[in-house]
Structure formats: C-alpha cells, structure tokens
Amino acid sequence: MTDELEIELGQEDDARNGPSVAPDDRPALELTEAALEGLLFVAERPLARREIAALAGVDRETVDARLGDLEVSLGERGIRLVVDGDRIELASAPEAGALVARYVGADAIRLSPASLETLAIVAYRQPVTRAAIERIRGVDSDYTVRSLLHRRLIVELGRSDAPGRPFLYGTSFEFLERFGLTSLDEMPPLDVDVAARLAEEGGEPVTESLGLTDLEPEAAIERERTPEIVAADDVPADT
C-alpha cells in the first residue's frame with residue numbers, strides 16, 4: 001500500500017462503501033443468520049455493514065457477529081461470503097465455478113501476461129495510480145489498465161492528491177469472485193524480493209529485473225482453483 005497517495009474521503013466512501021444510509025426510525029428487527037442470508041441473496045449489489053445495521057435497526061457489533069456466524073455456516077456449502085472492506089455480498093464457491101460457468105454459458109476470461117502482471121501490481125499495491133504501475137513495470141500500461149477496467153477486475157477508487165490528480169485503482173468484487181477469494185486477506189504472500197521491487201517505484205522495472213514468472217504464480221494459484229481463468233497469447237500486449 002502507498003502512504004503517499006491519499007484518497008478523498010467522500011470519493012472513497014462512495015466507491016467502496018455504497019451510498020449513505022439515513023437513520024431508520026422503524027422498529028428493530030431480529031437479525032438472524034437466515035434473515036441476513038436472505039437479504040444478501042436478494043441484494044443487487046454489495047451491501048455495506050452500516051446499511052445492514054440501518055435496515056435491521058441493530059448496531060454494527062450485531063451485524064459483525066451475524067456475518068461471522070453466517071461465514072462459518074456457509075463454509076461447506078456452495079455459497080460464500082465475499083468481503084471487500086466494509087462491503088459484503090454472496091457469491092458461488094470456487095469449487096462450483098466450472099459447473100456454474102457451464103450452466104450460464106460464460107466464456108473463459110483470457111488475460112495476457114501483461115494483464116496478469118498489471119493486475120498483480122494493482123492487487124498488492126492498491127490504491128495505485130497508472131503512473132506508479134508504469135514505473136514498476138517499466139512499460140506503458142494504458143491499454144492493460146483500460147482492459148482490466150472494462151473486464152471489471154479493477155475499479156477507480158478516487159483521485160490522488162498528486163499533481164494532475166490522477167485516478168487511483170484497486171481491485172473489485174469481480175476480481176475476488178473470479179479468483180476464488182473471499183477477501184484480499186486470502187491473497188498469497190509475495191516473495192520478499194518481489195515485494196521489495198513493488199515498493200520501489202523509481203527502481204529497476206519489475207518486468208526486466210524479476211520477470212513475469214515472479215508475479216504470475218500469485219495469480220496462477222487462483223487459476224488452478226478457478227479453471228475458467230486462464231492466460232492467453234491472443235490478447236494484444238502492451239507497447
């Protein structure tokens with residue numbers, strides 16, 4: 001994570017936590033596991049914990065407790081809780097991915113090595129600007145950033161306070177779902193040398209000094225768990 005990049009609080013709240021929720025003066029409801037699961041099931045978007053608390057008329061501690069209970073209950077089932085910061089949603093379990101994809105007729109996501117490398121940088125450095133990505137990779141990354149945005153694997157989190165106020169990028173719920181993760185905490189730890197290179201924006205480019213093989217295994221682990229995500233050579237590479 002970069003200390004020098006700051007996100008505007010209002011933009012970050014809108015981007016990652018959903019819209020604000022007005023206080024609800026209706027009678028409080030009992031927030032059971034079943035009620036919480038039903039709410040998340042019908043929700044058309046990820047819900048923030050504060051939204052759930054406001055809807056049920058309970059405090060955040062109660063929401064956190066029920067989410068913990070529900071996470072345990074879903075552990076052996078085909079549905080998982082996916083958590084991204086303050087937001088939560090339900091998603092199919094990674095082991096059900098191949099069967100679900102066959103049912104819905106989903107095409108395999110095909111990512112070039114350049115896209116996998118860029119995605120890994122965003123995942124481990126977020127929030128990060130495109131300029132920072134390019135300094136790390138040592139190559140123009142406009143195409144891959146736009147491609148990952150189009151595929152909804154990364155999202156705009158806000159703007160940096162740096163000159164020009166460039167956009168800050170981070171991973172999305174789609175990223176977690178596609179790679180079979182329930183939260184960013186499940187991402188594999190980076191090799192010490194790779195982590196050091198990612199922290200050195202002005203140092204030797206990752207692509208030249210470490211090579212793709214040092215970054216790709218972090219994504220390859222998840223591709224093995226989620227077969228529909230594969231790398232491809234037929235996607236235009238960066239120039």
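**Exercise 1. Classify Arg-49 as buried or exposed, and list what it touches.**

Arg-49 is buried, with a relative accessible area of 16%. The cut-offs are under 20% for buried, over 50% for exposed, and partly exposed in between, using a 1.4 Å probe and protein chains only. This is a predicted model: local features need pLDDT of at least 70, side-chain atom pairs count only at pLDDT 80 or more, and totals for chains, interfaces and linings use all residues. Residues are numbered from 1 along each chain as its sequence is written, and side-chain values use heavy atoms, without hydrogens and water.

Arg-49 belongs to helix H3 (residues 49-56). Helices (H or I, at least four residues) and strands (E, at least two) are DSSP runs, numbered from the N terminus.

Now the contacts (heavy atoms within 4.5 Å). Leaving out residues up to four places away in sequence, Arg-49 touches Arg-60, Val-63, Asp-64, Leu-67, Val-83, Gly-85, Asp-86 and Ile-88.

**Exercise 2. Describe the hairpin of S2 and S3.**

Start with the pairing. Strands S2 (residues 79-84) and S3 (residues 87-92) are antiparallel, over six bridges. Two strands count as paired if DSSP finds at least two bridges between them.

Then find a partner. Asp-84 has Arg-87 of S3 as its bridge partner.

Finish at the turn. Two residues lie between the strands, and Gly-85 takes a positive phi near 65°.

**Exercise 3. Which residues of H7 are buried, and why do they lie on the same side?**

The buried residues of helix H7 (residues 130-137) are Ala-132, Ile-133, Ile-136 and Arg-137. They cover an arc of only 130° around the axis, so they sit on the same side of H7. The arc is taken from the directions from the helix axis to the C-beta atoms. The general rule: an α-helix has 3.6 residues a turn, so residues three or four places apart point the same way.

Check what comes after the helix. Gly-138 follows H7 and has a positive phi, near 75°.

**Exercise 4. Work out the strand order of the open sheet, and find its edges.**

The order is S5-S7-S6, three strands with antiparallel pairing. Strand S5 (128-129) and strand S6 (154-159) stand at the edges. Each has a single partner strand, so one side of each is left without a neighbour in the sheet.

Look at one pair. S6 and strand S7 (residues 167-171) run antiparallel, joined by five bridges. Gly-158 stands opposite Leu-168 in S7.
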